Amino acid sequence: MSAAEGPLVVGVDTSTQSTKALVVDAATGQVVASGQAPHTVSSGAGRESDPRQWWDALREALHQCGDAAREAAAVSVGGQQHGLVTLDARGEPVRPALLWNDVRSAPQARRLIEELGGPESWAERTGSVPSASFTVTKWAWLAEHEPDAARAAKAVRLPHDYLTERLTGEGTTDRGDASGTGWWASGTEAYDEEVLAHVGLDPALLPRPVRPGEVAGTVRDGHGLPFSKGTLVAAGTGDNAAAALGLGLRPGVPVMSLGTSGTVYAVSRHRSADPTGTVAGFADARGDWLPLACTLNCTLAVDRVAALLSLDREAVEPGTDVTLLPYLDGERTPNLPHSSGLLHGLRHDTTAGQLLQAAYDGAVHSLLGALGLVLDADADPNAPLLLIGGGARGTAWQQTVRRLSGRPVQIPEARELVALGAAAQAAGLLTGEDAAAVARRWNTAAGPVLDAVERDEAALTRISGVLSDAAPLLERGEGSG
């Protein structure tokens, strides 16, 4: 381990498929140790994980960090958003967690929107129109389909809340992650009692929201982790808010994250309320807002198409009029929870590489369609688009984003931005700094800038036309109860 200039902090990213831990020098941002361990996710109609896996994975990731983790003065957890974690009176899971990409609650989402005033009312109340990804719809699904489990729940948590509580013994959350539940009112920044009453959820079961910069607690005894008793624990936050912290993001700078899900977002001084439901009006982890649009199908969907074609993910070929909408898990943006993938325009001379490029185009089209809604009107349209996530390192992803956006694209060299953002939040507890200012001091957004190229308007128009024409087919699905 390199000699650290300042105290050490730990940032955790508990994502859909793994938990990662970074030990970071709070003075310089240097990563001095890291570890990672996987989770399993169910297949089939639902997407579920046992929360105890996240804890076991955290222990393993920290074990891989060695002695550095034992020296940490503070820790923070960033985590996948929206997941419904139900705990019994002993703090044990009642059932596996329903994850963000479990879309079985689409019927409940539609009913909740209708029953509580329509999309305009929801957008004004919570900042977002709930989709099947949101926690409130998952609770409604659970209460309807597994009422015994709902009655057995003595605490309801989000994934990052669960790990934070196991560290501290206290049930806490933060405004960033709470804003993705559907039961947190963005106007008052408090739980919405009418929504909770409507879905039959006792507010006493929910965690206490911790203010930005506030200590959530300290590490307790008996945790089986290398931290000393009394190590400070920050509030933590959702993964997108953590990545925004990790970039030191300033208002108006656009971000596209290419991972299991795809997201576009930007920090804003203004509370968002989009009644179309395309943009979720999330809070950030600092006190501003993080309007965001999310797709369910991004890198994994494109990789699946590559596998079906027996191609390397980079083996794309240009020059095609074929359109592929890679909605393999249903889709959230556009809101088509029961859709499947759709291929149009196949010809005798269409190559496998062109089909793969069409999958990239379809995935990026969904994200770019929401980018203009995410950005404030006064945002610079020529500012570089920050490209992050696992896909950001791929040449095919980079070139597709450049061609379809017409913007310069910047690829930050820093990796694991969710864990880095959590580490910056932990460092802020020690220094009294704003967490985003910590990340800017660490220069985490630095990286090469790819020049803008002419936007491929023909491809964008073609994909939009196919999507519009196919909407009745894509909406048909099999969704019921």
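This is a predicted model: local features need pLDDT of at least 70, side-chain atom pairs count only at pLDDT 80 or more; totals for chains, interfaces and linings use all residues.
Good morning. I shall begin with the helices, and then turn to the cysteines and to several residues in loops.

Two packed helices are described by the angle between their axes and the distance between the axes. Please look at helix α11, residues 299-308, and helix α12, residues 352-374. Their axes are 9 Å apart, and the packing angle is about 170 degrees. An angle over 145 degrees counts as roughly antiparallel, and α11 and α12 are therefore described as roughly antiparallel to each other. Their crossing is right-handed. Which residues make this contact? On the side of α11 they are Val302, Val305 and Ala306, and on the side of α12 they are Leu356, Ala359, Tyr360 and Ala363. Sorted by class, the contact of α11 with α12 has 7 nonpolar residues, no polar ones and no charged ones.

Helix α12 also meets helix α16, which covers residues 457-476. Here the axes come within 10 Å and cross at roughly 80 degrees. That angle makes α12 roughly perpendicular to α16. From α12, the residues involved are Asp361, Gly362 and His365; from α16, they are Leu460, Ile463, Ser464 and Leu467. How do the residues of this contact divide by class? There are 3 nonpolar, 3 polar and 1 charged in the contact of α12 with α16.

The next helix is α13, residues 395-405. Of its 11 residues, 8 are buried, so α13 is largely enclosed by the rest of the structure. The buried residues are Ala396, Trp397, Gln398, Thr400, Val401, Arg402, Leu404 and Ser405. Following α13 is glycine 406, which has a positive phi, near 70 degrees.

I now come to the cysteines. How many disulfides does a search of the whole structure find? The search finds 0. Consider cysteine 294 and cysteine 298. The cysteine sulfur closest to that of cysteine 294 belongs to cysteine 298, and the distance is 9.1 Å. A disulfide requires the two sulfur atoms to be within 2.5 Å, so the separation of 9.1 Å is too far for a bond. Seen from cysteine 298, the closest cysteine sulfur is likewise the one in cysteine 294. Are these residues buried or exposed? Cysteine 294 is buried, at a relative accessible area of 6%, and cysteine 298 is buried too, at 1%.

Let us turn to the loops, where some backbone angles deserve attention. Most residues other than glycine have a negative phi, and most peptide bonds are trans. Glutamate 189 has a positive phi, near 55 degrees. Its place is the loop between β10 (184-185) and β11 (190-191). With a relative accessibility of 38%, glutamate 189 counts as partly exposed. Serine 310 also has a positive phi, near 55 degrees, and serine 310 is located in the loop between α11 and β20. At 67% relative accessibility, serine 310 counts as exposed.

Where is the cis peptide bond described here? It runs from threonine 333 to proline 334, and its omega is near 0 degrees. Proline 334 belongs to the loop between β20 (323-325) and β21 (342-344).

Aspartate 288 sits in the loop between β18 (280-283) and β19 (289-295). Is aspartate 288 buried or exposed? Its relative accessible area is 11%; a value under 20% counts as buried, so aspartate 288 is buried. Neighbours within four places in sequence left aside, aspartate 288 is in contact with Arg175, Val267, Ser268, Arg269 and Ala283.

Glutamate 146 is found in the loop between α5 (135-145) and α6 (147-152). Glutamate 146 is partly exposed, with a relative accessible area of 24%. Which residues does glutamate 146 contact, leaving aside its neighbours within four places in sequence? They are Arg95 and Trp141. Glutamate 146 and arginine 95 are 51 residues apart along the chain, and their C-alpha atoms are separated by 10.0 Å.

Thank you for your attention.

Technical notes:
Residues are numbered from 1 along each chain as its sequence is written. Side-chain values use heavy atoms; hydrogens and water are left out. Buried means under 20% relative accessible area, exposed over 50%, partly exposed in between (1.4 Å probe, protein chains only). Helices (H or I, at least four residues) and strands (E, at least two) are DSSP runs, numbered from the N terminus. Axes are lines fitted to C-alpha atoms, for helices over the stretch in contact, and angles run from 0 to 180 degrees between N-to-C directions. Angles under 35 degrees count as roughly parallel, over 145 as roughly antiparallel, 65 to 115 as roughly perpendicular and the rest as oblique. A crossing is left-handed if the near helix is turned anticlockwise from the far one by less than a right angle, and right-handed if clockwise. Contact means heavy atoms within 4.5 Å. Ala, Val, Leu, Ile, Met, Phe, Trp, Tyr, Cys and Pro count as nonpolar, Asp, Glu, Lys and Arg as charged, and the others, Gly among them, as polar.
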